[in-house]
Amino acid sequence: MAVDFYDGALLYDFTTDTMRLVDLDEYRPGPFVLEEDRLPGSRRFMAPEEYERGATIDVRTTVFALGRAARLLLDAGDDECAWRGSPARLGVLHRATRPDPGQRFASVRRFAAAWHAAGRS
């Protein structure tokens, strides 16, 4: 499971229009149970369960972080009121970042598939 994932871990190459993961501070085999009061990381990218001792941290937590990254990278400001993507893709992000992990996409693959499908609509 990605721990402490945020936009600073990404590098965008404008020449090739590609994004690379360049710095992931921590990765843990998962799923795992949070034994601390919270995981390290940027509050803007963290799922609610990352603040709950005893919570299960799994792929749905990673889906949340990826959804937040997409939301913040595709918004024109920190207030999250200048979305530059389609309404369909915003809907995908809303599902990816639901507070209840059980209501999120069950895998990164399913999240990515929904994201790509929303781009075709």
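Helix H1 (59-73) is the biggest contributor to the lining of the largest cavity, giving three residues; helices here are DSSP runs of H or I at least four residues long, strands are E runs of at least two, and both are numbered from the N terminus. The model is a predicted one, where local features need pLDDT of at least 70 and side-chain atom pairs count only at pLDDT 80 or more, while totals for chains, interfaces and linings use all residues. Residues are numbered from 1 along each chain as its sequence is written, and side-chain values use heavy atoms, with hydrogens and water left out.

Back to the cavity: a cavity is a set of points on a 1 Å grid, over the protein atoms alone, where a 1.4 Å probe fits but cannot get out, and lining residues have an atom within 4 Å of a point. The structure holds one cavity of 30 Å³ or more, and the largest has a volume of about 80 Å³, volume being the space filled by probe spheres set on grid points joined across faces, edges and corners. Strand E1 (2-3) joins H1 in supplying at least two lining residues each. Among the residues around this cavity are Ala2, Val3, Phe45, Thr61 and Ala65. By class, the lining has six nonpolar, four polar and two charged residues. Here Ala, Val, Leu, Ile, Met, Phe, Trp, Tyr, Cys and Pro count as nonpolar, Asp, Glu, Lys and Arg as charged, and the others, Gly among them, as polar.

Then there is the largest pocket, with about 490 Å³ of space. Of its 15 lining residues, Met19, Leu66, Ala70, Phe111 and Trp115 sit closest to the centre. A pocket is an open set of points with protein on both sides within 12 Å along at least five of seven lines. Helix H3 gives the most to this lining, with five residues, and strand E3 (18-21) and H1 each supply at least two. The lining splits into 13 nonpolar residues, one polar and one charged.

E3 also pairs with strand E2 (residues 10-13), antiparallel and over four bridges; pairing takes at least two DSSP bridges. Leu11 has Arg20 as its bridge partner in E3. The two strands form a hairpin with four residues between them, and Asp17 in the turn has a positive phi of about 55°.

Finally, Arg104 lies in the loop between helix H2 (87-96) and H3. Arg104 is buried, with a relative accessible area of 1% (buried is under 20%, with a 1.4 Å probe and protein chains only). The side chains of Arg104 and Glu49 are joined by a polar contact of 2.7 Å.

Technical notes. Buried < 20%, exposed > 50% of the residue type's maximum accessible area, 1.4 Å probe, protein only. Polar contact = N/O pair within 3.5 Å; in protein donor to acceptor, adjacent residues only side chain to side chain.
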